[in-house]
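Here are my notes for your read-through. Please keep the structure open beside them.

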Amino acid sequence: MQYKSAYEVLEGNNYANKKISSLQVELDKYEKDKKKLLQKLDDIEEQIKQANNKNESLEDTKNKLNEELDKLKKMSGVYRVSGKGITIKINNPPEDSPEYMMGVNILNKYYYLLGVISNLNSAGAEAISINDLRYTSYTEIIPVADYLNINGKHVTAPIEIKAIGDQRTLKAAVDFLQGIVDKLKQEGFKVEVESDDNIVILGTGKLKVFKYLETYKDKLE
Amino acid sequence: MIFIKRSYLRFIIIGLVVFVIVKAMDCFNVDYNLDKIFKTKAINTLENSINRNKMMINKINKDIINSENDLKQIILNRQQILKDTTDIVDQKSVLRTICGKTTVVGIGITISLADNINDPNMYDINKSVVHDIDVRMLINDLNSYGAEAISINGKRVTSSTEIVCSGPVINVNGEIVAAPFFIKAIGDPNKLVKAVTNPSSYAYMMKHEDGIGVKVMKNTSIFIAGKRDDFECRYIDNVEEEN
């Protein structure tokens, strides 16, 4: 009886010990696996952090380039722009005036328009239009029969020149004693110069296509 | 009596032995029970730890999948940023050329304008001198004949260029330019030449009526530098696509 109960006790003890051992091994394995996975997770999170930093830097660069692009869009004449500035309205001499009788009109005095534009540019005008036609680097103002050809469009008096820039400076550049506006008035034209806080200047709406020039870098390539 | 004493003695001895065995078995049982309790507890603890680790491993695996997806998305975002940046750079390149900010080369003409020093107009000396208006009119004529780029004494002419007299000299892009004036224009040379030789052109009138020195030459390779300035748009507050 003693032997039997001792045997049973010893057998039970062996089973428990074996069970504990195997569980210990299993636990060790799980803990190793867990450690490896945690390391893998840390690595991926580090990669995420670096990737985010890199993206931020690229985004900053993109934003800076976008600012420069925005500035070029404003300068190009292709896009509509708005801002504070002045308007200059030029009317031909009245029909009952001696100047009208002498044939004074904006068609044969169109050079004054070039003078106005040049003076506005000297005063820092950022955008200019003539009768809502954007003045660009390629604009021509040519008298043809009874109209002016500007950007390929027909233009007749009254002429309205809009310019965006510092209002005081723009006005002063054109409207002073013996200035261009004064000279136009002396010729018999009716001229009004006014400030406007909401000037809208249309763009040409299309990118200039060049047939004869190429950029110097392209040429080298 | 001695016989009885031996019986008692044997009985006592057997009793003692049985007592000892029973006592030993009792102790053994106690130890066994304690051992069993501790081992059961150890097994439970290990099994709990294993289960906890299994749950944690599951969670970590899910976190890994989520993080890998996040990383993929970040990389996709980067590709979009790079694509957008490339588009912006391309647009910038086109607009820089349109704005006259790049050095360009092409066929065209060169024109020289010089005061009439050989036979000046004594009644009106101004007619024998090249003025800002003369240069503006010539540039205007070149534009009407399709000039794609123009410079005056190396200064690029753009929409924001001023050509204004400053005493004996002319201001172009804020810089002083003096006679004689060398004007370069890129475009169709045969057309551009007409800006000077056509009887209706301003340059023709300058040359033949006022004796201004106007010379023109076709050229197969004209370099015109880009406009160098820090032109700021401080008053334009909105820019949008034209519909």
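**Notes on salt bridges and the main pocket**

1. Start with a contact between side chains. A:Lys19 and B:Glu47 form a salt bridge, with N and O 3.7 Å apart. A:Lys19 lies in helix H1 of chain A (residues 2-76) and B:Glu47 in helix H1 of chain B (residues 2-98), so this pair joins two chains. Please bear in mind that this is a predicted model.

2. How exposed are these two partners? A:Lys19 has 27% relative accessibility and counts as partly exposed. B:Glu47, at 30%, counts as partly exposed too. The range for that label runs between 20% and 50%.

3. Next, a pair within chain A. A:Asp33 makes a salt bridge with A:Lys29, and their closest N and O atoms are 3.1 Å apart. Both residues sit in helix H1 of chain A. They are 4 residues apart, about one turn of the helix. A:Asp33 is partly exposed, at 26% relative accessibility.

4. Helix H1 of chain A also holds A:Lys62 and A:Glu59, which are 3 residues apart, about one turn of the helix. Salt bridges that share partners link A:Glu59, A:Lys62 and B:Asp84 into one network.

5. Is A:Lys62 buried or exposed? A:Lys62 is buried, because its relative accessible area is 14% and the cut-off for buried is under 20%.

6. How many salt bridges does the structure hold over all chains? The total is 14. As background, side chains of opposite charge can pair when their charged atoms come close.

7. Now the largest pocket. The space in the largest pocket is about 660 Å³. Its lining has 26 residues. Closest to the centre are A:Thr136, A:Asn151, A:Thr204, A:Lys206 and A:Lys208.

8. Which elements supply at least two residues each to the lining of the largest pocket? They are strand S3 (133-134) of chain A and helix H2 (132-144) of chain B.

9. Finally, the make-up of that lining. The residues of the lining divide into 10 polar, 9 nonpolar and 7 charged.

Note on methods
Residues numbered from 1 in each chain as written. Chains lettered and ligands numbered in written order. Predicted model: local features only at pLDDT ≥ 70, side-chain atom pairs only at ≥ 80, totals over all residues. Heavy atoms only, no water. 1 Å grid on protein atoms, 1.4 Å probe; cavity = no way out; pocket = protein on both sides within 12 Å on 5 of 7 lines; lining within 4 Å. Points joined across faces, edges and corners; volume = space filled by probe spheres on them. Nonpolar A, V, L, I, M, F, W, Y, C, P; charged D, E, K, R; others polar. Salt bridge = Lys/Arg side-chain N within 4 Å of Asp/Glu carboxyl O. Buried < 20%, exposed > 50% of the residue type's maximum accessible area, 1.4 Å probe, protein only.
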